[in-house]
Amino acid sequence: MNQYYRPTRAEINLDALQNNIQELRKNLNNSTKTLASVKANGYGHGVIEMSKAAIKYGVDYLGVAFLDEALQLRRAGINAPILVLGYVAPQYIKLAMEHDVSIAFFAEEQLVAAASLPQLKNKLKIHIKIDTGMGRLGIAAFENIVQFIERALATPQIEVEGIFTHYSKADEADKAYTEQQYNKFERIVTYVRAQNWNIPIIHAANSAASIDTPAWSGDMARLGIAIYGLYPSHEVNKQAVNLQPVLTLKTEVVHVKAMHEQSGISYGAHHIAKQQEWVGTIPIGYADGFSRMLSGKVEVLIAGERVKVIGNICMDQCMIDLEPVRHMFNCIDDILHQEVVIIGQQGEHMITMEEIADKLGTINYEVATMLASRIPREYKENGKITVVSNSIL
Ligand SMILES: *Cc1c(COP(=O)(O)O)cnc(C)c1O
């Protein structure tokens with residue numbers, strides 16, 4: 001078990017992960033497979049442990065953004081099916097084949113490269129990507145899609161394991177565009193079935209579609225943000241699945257003092273202290289993913305209350321206003337080592353990823369993925385710490 005020596009850490013509640021996977025599966029058709037999207041360090045939650053736990057809790061597949069992320073999982077001894085959702089350059093598809101990593105296929109150059117691979121028993125597994133309206137990766141025109149599938153099926157080095165598409169507006173209340181995307185995809189699916197082509201996994205849903213329009217998922221739902229207990233947007237039907245946030249970001253007060261009147265707090269001295277104002281220093285900063293753009297806007301929880309972060313957030317530290325809680329303590333030194341929650345619940349209060357995202361003008365996805373790898377992750381199962389992971393030691 002890894003150690004860490006700074007009190008800042010992310011607590012990862014694996015029971016919540018299990019709950020979220022179960023909730024999502026209940027909402028989907030019984031026969032629908034699930035892929036856990038663990039790209040970007042498992043949305044900041046720590047990719048290895050999240051992958052192992054997701055497999056243990058019944059997901060069928062792991063999804064990553066690029067080949068390096070897939071190889072990281074293989075190197076950690078994870079032998080579950082992995083799909084690279086993004087681009088893999090032609091010169092590296094052999095590497096994918098050698099590590100039994102399935103990859104998204106949509107480019108002529110990939111087909112050409114596949115045709116010159118050695119012909120082995122274990123073929124290159126591909127999922128052909130169809131662009132039905134995301135406008136990112138994938139083949140868009142019906143004739144081109146059919147032709148591409150035919151050529152892939154005729155390439156002996158290739159096993160066409162899946163075809164898939166990606167919804168761009170499934171998290172919005174108005175489902176008209178998603179329905180259009182679904183219908184475009186269904187036209188391909190109908191054609192594939194009519195040809196009797198053997199393509200076992202036809203998949204479309206992300207978290208949002210799995211929550212709001214599970215019937216438009218296909219054979220497999222690709223579950224990302226929701227397994228981490230975060231809703232894809234404010235507009236999805238939160239009643240459909242009862243998600244619990246998996247991550248809590250915590251630290252503690254490492255220094256406290258009563259300020260002299262007129263003394264400045266942090267770089268730029270933008271906050272000027274009143275006489276005897278109690279201020280605490282916490283060891284978390286923008287290099288941990290606690291963005292400097294939150295300076296003057298964000299709050300944290302201490303002693304079950306909300307208090308403000310004051311002055312500019314520094315690279316590794318920031319300061320908090322202890323005035324609202326000072327009446328709870330006999331003396332200033334009693335505040336030293338008090339727990340501070342940056343994201344998560346403490347007592348009656350909760351600071352969500354969404355609250356921080358709103359303050360930054362972004363979405364919960366970005367807040368989660370910003371959490372730096374230098375923050376140790378502490379994994380809890382049945383309330384007990386089972387693994388501590390510190391990427392720098
Ligand atoms: C990241 C990703 C997902 C998961 O999306 P969520 O909104 O997090 O559920 C699904 N499919 C593709 C292609 C992705 O890139």
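Axes are lines fitted to C-alpha atoms, for helices over the stretch in contact, and angles run from 0 to 180 degrees between N-to-C directions. Helices are DSSP runs (H or I, at least four residues) numbered from the N terminus. The model is predicted, with local features needing pLDDT of at least 70 and side-chain atom pairs pLDDT 80 or more, while totals for chains, interfaces and linings use all residues. Residues are numbered from 1 along each chain as its sequence is written, and side-chain values use heavy atoms, with hydrogens and water left out.

**Exercise 1.** Describe how helix α1 packs on helix α3.

Step 1. Helix α1 (residues 14-27) and helix α3 (residues 47-56) pack at about 50°, and their axes are 10 Å apart. That makes α1 oblique to α3, where angles under 35 degrees count as roughly parallel, over 145 as roughly antiparallel, 65 to 115 as roughly perpendicular and the rest as oblique.

Step 2. In the contact (heavy atoms within 4.5 Å), Leu-14, Leu-17 and Ile-21 of α1 meet Met-50, Ala-53 and Ala-54 of α3. By class, this contact of α1 with α3 has 6 nonpolar residues, no polar and no charged ones.

**Exercise 2.** Describe the packing of helix α7 and helix α8.

Step 1. Helix α7 (residues 142-153) and helix α8 (residues 176-194) pack at an angle of about 40°, with axes 11 Å apart, and α7 and α8 are therefore oblique to each other.

Step 2. Phe-142, Ile-145, Val-146, Ile-149 and Glu-150 in α7 meet Arg-187, Ile-188, Tyr-191 and Val-192 in α8. The residues of this contact divide into 7 nonpolar, no polar and 2 charged.

Technical notes
Helix = DSSP H or I, 4+ residues; strand = E, 2+ residues; numbered from the N terminus. Nonpolar A, V, L, I, M, F, W, Y, C, P; charged D, E, K, R; others polar.
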